[in-house]
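Here is a short report on selected local features. Look at the sequence and structure first; the text follows.

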Amino acid sequence: MLYTVIAAASLLTGVLGHGFHDQKPMVPDNANWMTKHMAEEHHITDFDPSSFFTLHDFNGNGRWEADEMLRTYGLMDESNRDVPLSKRSEYQQRLLRLIDHNNDGFVSRNEFVAFVANGGELPDLGTGPGHHGDDEYEYEIHHWEKYHDENTRLEDLNHPEDIEHFRKHEQLEEAEERLAALDRMQIVPENIPAKFRRSS
């Protein structure tokens with residue numbers, strides 16, 4: 001319970017320190033996937049193809065690689081953990097066929113900007129809005145902003161999403177404590193192969 005209170009307090013501090021995003025902007029139901037993604041995941045409605053590209057060039061090298069395309073669609077998020085590798089590969093190939101005009105296996109900024117300028121849109125692959133932030137970010141924009149605010153008390157953090165979020169914090173803390181205990185040991189018996197252990 002103490003860990004839950006500490007985790008809740010640190011979350012409140014983190015959220016309040018980070019500041020609040022504006023609530024998710026409203027977009028029409030018939031908006032394309034890119035527009036819905038930007039509204040739900042980034043709370044942005046006014047963007048151009050170049051800024052969309054930059055925002056999703058996660059390693060900043062000026063091109064979208066396979067993992068960045070999959071991450072943009074939320075396929076690295078645990079909500080899509082059941083999507084098989086074959087389906088991920090199919091999605092990747094579909095996106096490359098649409099945008100990668102020089103067939104080098106990557107999407108450059110110029111290719112993406114030209115794709116959109118010629119009327120192209122990123123397709124809805126049916127994988128959701130494209131969760132690609134870390135757990136804290138996703139919790140904040142998809143749950144905290146919807147149900148809580150700066151006046152939320154610890155006892156109000158009782159939704160299933162809150163409980164799961166704090167459970168993850170407790171698991172991380174427990175894992176850190178176990179690792180710290182192992183670091184303090186000069187010899188870790190579990191790391192010694194059985195054939196070299198003394199039998200008692």
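Helix α2 (residues 33-42) is largely enclosed by the rest of the structure, because seven of its ten residues are buried. The model is predicted. The buried residues of α2 are Trp33, Met34, His37, Met38, Ala39, Glu41 and His42. Asn32 caps the N-terminal end of α2. A side-chain oxygen of Asn32 lies 3.1 Å from the backbone nitrogen of Met34. After α2 comes His43, with a positive phi near 60°.

## The cavity

How many cavities of 30 Å³ or more are there? The count is one. The largest cavity holds about 40 Å³ of space. Its lining consists of Trp64, Met69, Thr72, Tyr73, Leu95, Ile99 and Leu122. Helices α4 (66-72) and α5 each supply at least two residues of that lining. By class, the lining residues divide as follows.

| Class of lining residue | Residues in the lining of the largest cavity |
|---|---|
| Nonpolar | six |
| Polar | one |
| Charged | none |

## Leu98 on helix α5

Leu98 sits in helix α5 (residues 85-99). Beyond its neighbours within four places in sequence, Leu98 is in contact with Phe115 and Pro123. Leu98 and Gly120 are 22 residues apart in sequence. In space, their C-alpha atoms are 8.3 Å apart.

Notes. Residues are numbered from 1 along each chain as its sequence is written. This is a predicted model: local features need pLDDT of at least 70, side-chain atom pairs count only at pLDDT 80 or more; totals for chains, interfaces and linings use all residues. Side-chain values use heavy atoms; hydrogens and water are left out. Helices (H or I, at least four residues) and strands (E, at least two) are DSSP runs, numbered from the N terminus. Contact means heavy atoms within 4.5 Å. On a 1 Å grid over the protein atoms alone, a cavity is a set of points where a 1.4 Å probe fits but cannot get out, and a pocket is an open set with protein on both sides within 12 Å along at least five of seven lines; lining residues have an atom within 4 Å of a point. Grid points are joined across faces, edges and corners, and a volume is the space filled by probe spheres set on the points. Ala, Val, Leu, Ile, Met, Phe, Trp, Tyr, Cys and Pro count as nonpolar, Asp, Glu, Lys and Arg as charged, and the others, Gly among them, as polar. Buried means under 20% relative accessible area, exposed over 50%, partly exposed in between (1.4 Å probe, protein chains only). A polar contact is a pair of N or O atoms within 3.5 Å; within protein, one must be able to donate a hydrogen and the other to accept it, and residues adjacent in sequence count only if both atoms are side-chain atoms.
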